[in-house]
Amino acid sequence: MEETWIISLLLGILPIVGLILWWWNEIWYLRGIKVRCSKLFNTNNNNNNNIVKIPPGHLGFPFIGETLSLLWFFNIIARPDDFITSKKYKYGENVGAYRTHLYGCPSIIACSPSLCKFVLNSSDKFKQEWPTTQVLGANSVITLEEGPRHGVIKNFIVNYINRPASLTRFLLHVQPTIIQALQLWSHQHKIKTFYQVKKVTLDYTMKYMAHLEAGTQIHVIEKLFEGVASGFRSQPWNIPGTSFYHALKCRKEIMKKLKEQLDKMKQNTAIEATDQLESRSSDLMSGLLEMKDEEGRHLSEQEVLENVLSTILLGHMSIAYVLTWSLYFLHKSPQLLLKLREENMAMVKKINSGSLTYEDILKLKYTNKVAEETIRMANIAGFVFRKVTDDVEFKGYIIPKGWNVIIWLRFLHNDPTNFDDPMNFNPDRWDVARPKHGAYLPFGRGSRSCAGNTLVRASLVLFLHHLSIGYEWELLNPNSKIKYLSHPLPVDGLEISIRKI
Ligand code: HEM
């Protein structure tokens, strides 16, 4: 009797509790928005309908929002794009905006070219926000708030690392490192590509950005950068055991090394021969030391060091991801590899030195297409975040103040309305018309767009050249699961065996 009573109570209460939890976020976050926004909406639309539309969707459960659903699509069934596709089916296409609650905040997902473009180009309304600036430093181009200081440092970095003269030197310095690494890997039984490639890219970005030789210390330095990478987006809980605490310790060590290098540079400048100065002046640290801001003043040491740290960090990690993915995609498309090899063998015959120049890189048309397709499909920056500073209206929908916008870049690149047969690795798609405006944004857009896009492309083409002319490789776990968070990578780190041809 008592049992029956408990069961009926549970059957009655559980659905009610479930319903309350299911609607809690919707009621909590949406209350007031419609009233607050009706004025804005009516003014902008010149009508008196008083209908304020918030993008369709659901804010999920209290605190966790739609996190479980995200993990389901990204981690469990490994079909990340279905997270958005399922919303399209459920709520319709509308303007490519859905409401959700992710990463602890009510958010609007932007997944149409027009909305992504609008958000990225409207930096006055949509601000970049970091949980903390302590790990990368408040002077880094990544963490600096929008404004003249960010603009001046960003412009300098972009021009400095991507200009043809610097890239020419970059290629000259980097090639022996890549050639040596490929040879070394081919003597090993098997390698975990990502982790090996990361050492190489760290080695050469350190040279390129700071004229710093890692030498035998590479493993230690790599661990330090890994520590910084794991903590620069985390909550600033400075407690032993947290990734933030560890990141701060790693930052301190790296900054010490960079400062030593900076002091050496300053000392040497006076006594260095002109030719040494010439070769050194292609590194970013020297450039930042010499640069003057709009008032003719040099940057402070802290500004130089924090920007060098940030560019080495982002540079070596992101290049390592795309190089790894190039091996993955090409192995799955042997006929494309043959075509790539053909173009690069032809180039080898043309150049006598064995070393590519920047002009040679630009001439490798097919290789550049393979690089672009790798960047599209690798989607290593799957989404970027903005905080909404004021209620904004977009095509009849309100994007509420205080919410996040998650610009879902990976969906743009995998959406069949933007790219034919998007999951097919097809370098020749880049022959046909360019993607429609806003549909291809691997490097973001607007004032916060990527500082290293040309450098990445040149690095990838260079790697593909040396790889394709001399090597063949096997994936040891061709069906390895892929982890998509935080950055896509086969879970085995892409284990391969590679040999000379
Ligand atoms: C395939 C490789 C890469 C991809 C897909 C990529 C993607 C991106 C994206 C999407 C942003 C914009 C973030 C936002 O709007 O919030 C960004 C910013 C940035 N990237 Fe990259 N990136 C890559 C490689 C690199 C490299 C090699 C470097 C350095 C040398 C670099 C340095 C930066 C910096 C400094 C910013 C911040 C710019 C700012 O806030 O003004 N990136 N990147």
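Predicted model: local features only at pLDDT ≥ 70, side-chain atom pairs only at ≥ 80, totals over all residues.
The chain contains 18 helices and twelve strands. Its radius of gyration is 25 Å, which agrees with the value near 23 Å that a compact globule of 501 residues would have. Along the principal axes, the C-alpha atoms occupy a box of roughly 85 × 55 × 55 Å. Of the 501 residues, 39% are buried. Where contacts join residues at least 6 apart in sequence, 71% of them link residues at least 24 apart.

Within this fold, five strands build an open sheet with mixed pairing, in the order E1-E2-E8-E5-E3. Strand E1 (97-102) and strand E3 (126-127) stand at the edges; each has a single partner strand, so one side of each lacks a neighbour in the sheet. Strand E5 (residues 384-388) and strand E8 (residues 404-407) pair in the antiparallel sense over four bridges, and Val-384 stands opposite Ile-407 in E8. Helix H5 (residues 113-121) lies across E1, strand E2 (105-110), E3, E5 and E8, and runs at about 125° to E8.

The ligand is surrounded by 26 residues, of which the closest are Gly-315, Ser-318, Gly-444, Cys-450 and Gly-452. Two or more residues of this shell come from each of helix H6 (148-162), helix H13 (301-332) and helix H18 (453-470). The largest share, seven residues, belongs to H13. By class, the shell comprises 16 nonpolar, eight polar and two charged residues.

Note on methods:
Residues numbered from 1 in each chain as written. Rg over C-alpha atoms; globule rule 2.2 N^0.38 Å. Buried ≥ 20, exposed ≤ 12 C-beta atoms within 10 Å, placed from the backbone. Contact = placed C-beta atoms within 7 Å. Near = placed C-beta within 6 Å. Nonpolar A, V, L, I, M, F, W, Y, C, P; charged D, E, K, R; others polar. Pairing = 2+ DSSP bridges. Axes fitted to C-alpha atoms, helices over the stretch in contact; angles between N-to-C directions.
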